[in-house]
Amino acid sequence: MRIHRVSLRDFKGVAAADIAFARDGVTIVQGPNEVGKSSIADAIDMLLELPDSSTASVVRAAQPVGRDVGPWVEMEFETGPYRLVYSKRWLKGTGTQLRVQGPAPQQLTGREAHDEAIALREDREPLAGRGEHEVGPQRELRGDDALRERHREADDVMLRGREGIAPRV
């Protein structure tokens with residue numbers, strides 16, 4: 001998977017952030033303590049793992065303190081031959097959108113978008129070409145365990161050293 005862009009709105013202490021990743025190589029996100037670096041990894045984890053209907057503790061913790069808003073995350077990325085723009089809002093005004101920009105453009109919403117994003121990431125056959133049963137590897141980690149694993153993977157990627165842009169948070 002190659003991430004091109006991540007946008008956050010009303011996510012933990014981050015009112016708004018747009019992070020563009022380097023086209024080639026690695027991107028390092030750096031900044032002082034408590035500016036939202038870990039929130040970026042947490043947001044990616046939630047986007048990739050949890051449906052917009054989730055009320056898990058990690059989702060509730062992502063809602064900004066004292067604000068009646070729903071955390072929102074959007075990520076533009078490539079996985080295999082697919083270029084995707086994927087977004088979710090949790091808790092307030094919930095929703096999921098997936099735009100597959102290529103190779104065969106399509107737009108999905110709701111649970112169908114969530115399931116399709118998982119299938120594309122896990123290198124399973126997309127819904128359009130799938131029969132009644134799924135094809136490809138299955139993930140055994142779910143819920144908080146999956147989030148912790150994705151967070152470790154994101155930390156590993158960030159620590160490998162990238163050129164890039166620190167977010168304005």
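Q: How many of the 13 residues of H1 are buried?
A: 11 of the 13, so H1 is largely enclosed by the rest of the structure. Buried here means under 20% relative accessible area, with exposed over 50% and partly exposed in between (1.4 Å probe, protein chains only). This is a predicted model, where local features need pLDDT of at least 70, side-chain atom pairs count only at pLDDT 80 or more, and totals for chains, interfaces and linings use all residues. Residues are numbered from 1 along each chain as its sequence is written, and side-chain values use heavy atoms, with hydrogens and water left out.

Q: Which residues of H1 are the buried ones?
A: Among them are Ile40, Ile44, Met46, Leu47 and Leu48, and the list also includes Asp42, Asp45 and Glu49.

Q: And what does H1 reach from its first C-alpha to its last?
A: H1 covers residues 37-49 and reaches 19 Å, close to the 18 Å expected at 1.5 Å a residue. That expected span is 1.5 Å times one less than the number of residues in the helix. Helices are DSSP runs (H or I, at least four residues), as are strands (E, at least two), and both are numbered from the N terminus.

Q: Switching to histidine 114, where does that lie?
A: In helix H3, residues 110-121. Histidine 114 is buried, with a relative accessible area of 2%.

Q: What is histidine 114 in contact with?
A: Leaving aside neighbours within four places in sequence, histidine 114 is in contact with Glu49, Leu50, Pro51, Tyr86, Lys88 and Thr96. Contact means heavy atoms within 4.5 Å. Glu49 is also one of the buried residues of H1.

Q: Which side chain joins histidine 114 in a polar contact?
A: Lysine 88, at 2.7 Å. A polar contact is a pair of N or O atoms within 3.5 Å; within protein, one must be able to donate a hydrogen and the other to accept it, and residues adjacent in sequence count only if both atoms are side-chain atoms.

Q: OK, arginine 89 now. Which strand is it in?
A: Arginine 89 is in E4, residues 82-89. At 25% relative accessibility, arginine 89 counts as partly exposed.

Q: What does the arginine 89 side chain have a polar atom 2.8 Å from?
A: The backbone oxygen of glycine 70. Arginine 89 also touches Asp52, Pro71, Trp72, Thr94 and Gly95, not counting residues up to four places away in sequence.

Q: Zooming out, how many helices and strands are in the protein?
A: Four helices and six strands, in the pattern β-β-α-α-β-β-β-β-α-α along the sequence. Buried residues make up 43% of the 169 residues.
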